[in-house]
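I opened the model to look up the ligand site. Aromatic pairs came next.

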Amino acid sequence: MALERTFSMIKPDATRRNITGKIVDRLESAGLRVVAQKRILMSKATAEAFYAVHRERPFFQELTEFMSSGPVVVQVLEGENAVLKNREVMGATDPSKADPGTIRADFAESIGENSVHGSDAPETAAEEIAFFFSGSEITG
Ligand code: GDP
């Protein structure tokens with residue numbers, strides 16, 4: 001199985017509670033390698049562009065206000081089956097439905113403020129990585 005890359009983001013509820021390291025530990029312990037990482041503050045416009053696929057959803061304003069309310073840590077993760085593996089480590093969107101031991105079960109505050117984002121497919125991973133990183137910022 002070839003190495004795969006996925007895009008990950010540690011959300012403002014987690015950076016606010018200073019648990020970035022705890023979340024990175026979960027990712028690394030699952031066999032994912034952080035091959036790029038930076039802490040940024042998204043503008044509302046950037047959050048709207050990143051989440052454009054959700055613009056018709058009723059929670060779009062709440063989501064983009066939250067995502068631009070504080071720093072996020074954007075990451076490129078590498079590993080075998082990285083997209084699926086990261087989704088498994090994250091757990092379900094709604095923390096009350098997430099499997100025990102997942103990041104969202106253990107750290108998320110609500111369905112909206114759920115600590116992490118992870119790409120849902122290799123194609124979206126490539127798009128989301130390119131949204132935030134240039135090639136020279138990624139090094140295995
Ligand atoms: P994900 O791929 O598990 O992150 O879930 P989705 O792609 O369905 O939704 C994207 C993000 O929108 C989620 O991670 C949440 O932060 C937010 N979100 C999803 N559903 C809801 C909801 O019902 N209410 C609110 N406030 N936010 C939501």
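My entries on the ligand and the aromatic rings follow.

I worked on a predicted model, where local features need pLDDT of at least 70, side-chain atom pairs count only at pLDDT 80 or more, and totals for chains, interfaces and linings use all residues. I numbered residues from 1 along each chain as its sequence is written, and side-chain values use heavy atoms, with hydrogens and water left out.

Polar contacts. I looked for N or O pairs within 3.5 Å. Arg87 places a polar side-chain atom 2.9 Å from a ligand oxygen. Gly112 uses a polar backbone atom, also at 2.9 Å from an oxygen of the ligand. For Asn114, a polar side-chain atom is 3.0 Å from a ligand oxygen.

Burial. Alone, the ligand exposes 550 Å², and the protein buries 80% of that. Areas are Shrake-Rupley with a 1.4 Å probe.

Aromatic pairs. I found six in the structure (ring centres within 6.5 Å). One of them joins Phe7 and Phe132, at 5.4 Å centre to centre with 5° between the planes. That pair is stacked, the label for planes under 30 degrees apart. Phe7 belongs to strand β1 (residues 3–10) and Phe132 to helix α7 (residues 122–132), so the pair links parts of the chain 125 residues apart. Helices (H or I, at least four residues) and strands (E, at least two) are DSSP runs.

Note on methods
A polar contact is a pair of N or O atoms within 3.5 Å; within protein, one must be able to donate a hydrogen and the other to accept it, and residues adjacent in sequence count only if both atoms are side-chain atoms. Rings of Phe, Tyr and Trp (its six-membered ring) pair if their centres lie within 6.5 Å; planes under 30 degrees apart count as stacked, over 60 as edge-to-face and the rest as tilted.
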